[in-house]
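Thank you all for coming.

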Amino acid sequence: SSDTAYFADSGTSFSSPTVAGSLNLLAQLRGQLHPTARPFLASALKALAIHTADEAGGARGPDYQFGWGLYNERSAAELIRANATNGWKSFIKEIVLTNGGTCEFPVVSSGTQALKVTIAWTDPAGPAPGFASIDPTASMLVNDLDLRVIAPGGSTTNFPWVLNPDLTNKTSAARSAAATTGDDSRNNVEQVYLATPAAGTYTVRVTDR
């Protein structure tokens, strides 16, 4: 109603600018804690937002209704602070993975709380589908990275969340089902979640397939 008026509202149209502004505050916090470090990669900010999001929906993991959950700025900021005070890059790592390469690093679990590992990467544009192709079902990933979290002693290999796109029948029942775990070849975000991990050293492995 005027140049100085404002009002509160809600809806999906407000989520994007809210999260974008909040991510900029996280980037500012990173700069305050590490003045000489380069800014976060876009993929690191994306992984950070997803990793620290609060669960939404009826089951653990991503879903088609709520995505990865409800964005939590405070949790993300606390993780950035922990990363700065518990040894540089203890929790947040930005790496370069060569074609066909593998990166491994250890993660120690106390066995008293959940263990969660999230990766994200900026994938180059894949081949554009032709105009005759409507909603193509083929994967458009150029770099298909695989995340695996291996239990102490190599006894168990834990896989990331996957959702059933049900591209053939396109039923609401399949698409509303809870996420399972397996090999994800469609997305440039992968997350392994262990609700009750055993105490010990886990191996996080990221491979370019």
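Predicted model: local features only at pLDDT ≥ 70, side-chain atom pairs only at ≥ 80, totals over all residues.

Residues are numbered from 1 along each chain as its sequence is written, and side-chain values use heavy atoms, with hydrogens and water left out.

Let me begin with the sheet, where strands are DSSP runs of E of at least two residues and helices are runs of H or I of at least four, numbered from the N terminus, and where two strands pair if DSSP finds at least two bridges between them. Four strands form an open, antiparallel sheet in the order β1-β8-β3-β4. The edges are taken by β1 (102-109) and β4 (157-158), each of which has a single partner strand, so one side of each lacks a neighbour in the sheet. Between β1 and β8 (residues 200-208) there are eight bridges, and Val108 has Thr201 as its bridge partner in β8.

Turning to the interior, a nonpolar core here is a set of buried Ala, Val, Leu, Ile, Met, Phe, Trp, Tyr and Cys residues joined through side-chain atoms within 4.5 Å, with buried meaning under 20% relative accessible area, exposed over 50%, and partly exposed in between, for a 1.4 Å probe and protein chains only. The largest such core has 15 residues, and among those touching the most other members are Leu115, Leu194 and Tyr202. At least two of its residues come from each of β2 (115-120), β3 (145-150), β7 (189-194) and β8.

Finally, the structure holds nine salt bridges, each being a side-chain nitrogen of Lys or Arg within 4 Å of a carboxyl oxygen of Asp or Glu. Arg209 and Asp183 meet in one of them at 2.9 Å, N to O. Since Arg209 lies in the segment after β8 and Asp183 in the loop between β6 (180-181) and β7, the pair ties together parts that are 26 residues apart in sequence. Arg209 is exposed at 53%, whereas Asp183 is partly exposed at 36%.
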